[in-house]
Amino acid sequence: MAWGLVLDITGWTADENPTGVTLMTELGQFGAGGRAIHDPRPGERNRWDWSGGTP
């Protein structure tokens, strides 16, 4: 089973779809208060993957 956070971008237009996001999380690499960085998969802008964390 894969665990992850969900960001619903289904209603966003192509112009509103950013190149990446940083989401607050309690489950990230740096624990409570950290942020999880997500970027779109190359060639699949509707699927995003975790790319790192920041405190």
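These are my notebook entries on a predicted model of a protein chain.

**Ground rules**

I number residues from 1 along each chain as its sequence is written, and I use heavy atoms for side-chain values, with hydrogens and water left out. Because the model is predicted, I require pLDDT of at least 70 for local features and 80 or more for side-chain atom pairs, while totals for chains, interfaces and linings use all residues.

**Entry 1: the whole chain**

Helices (H or I, at least four residues) and strands (E, at least two) are DSSP runs, numbered from the N terminus. Along the sequence I read the pattern β-β-β. The C-alpha atoms fill a box of roughly 30 × 25 × 20 Å along the principal axes.

I then took burial, where buried is under 20% relative accessible area, exposed is over 50%, and partly exposed is in between (1.4 Å probe, protein chains only). Buried residues make up 18% of the 55 residues. The chain exposes about 4,300 Å², and carbon and sulfur atoms supply 55% of that area. Accessible areas are from the Shrake-Rupley method with a 1.4 Å probe; for residues, only the protein chains shown count as cover.

For contacts I use heavy atoms within 4.5 Å. Among contacts between residues at least 6 apart in sequence, 17% join residues at least 24 apart.

**Entry 2: the sheet**

I found an open sheet of three strands in the order E1-E2-E3, with antiparallel pairing. E1 and E3 are at the edges with a single partner strand each, so one side of each has no neighbour in the sheet. The twist averages 35° from one strand to the next. Angles run from 0 to 180 degrees between N-to-C directions, with axes as lines fitted to C-alpha atoms, for helices over the stretch in contact.

I count two strands as paired if DSSP finds at least two bridges between them. Five bridges join E1 to E2. E2 and E3 (residues 44–54) pair over seven bridges, also in the antiparallel sense. I noted that E2 and E3 form a hairpin with two residues between them, and that Gly43 in the turn has a positive phi of about 80°. Ile37 stands opposite Gly52 in E3.

**Entry 3: His38**

I located His38 in strand E2 (residues 34–41). Is His38 buried or exposed? His38 is buried, with a relative accessible area of 13%. Val21 stands opposite His38, and the bridge partner of His38 in E3 is Trp50. Leaving aside neighbours within four places in sequence, I list the contacts of His38 as Gly20, Val21, Leu23, Trp48, Asp49, Trp50 and Ser51.

**Entry 4: Thr19**

I placed Thr19 in the segment before strand E1 (21–25). Thr19 is exposed, with a relative accessible area of 66%. Which residues does Thr19 touch, not counting those up to four places away in sequence? Thr19 touches Asp39, Pro40 and Arg45. I also checked Thr19 against Gly31, 12 residues apart along the chain, and their C-alpha atoms are separated by 24 Å.
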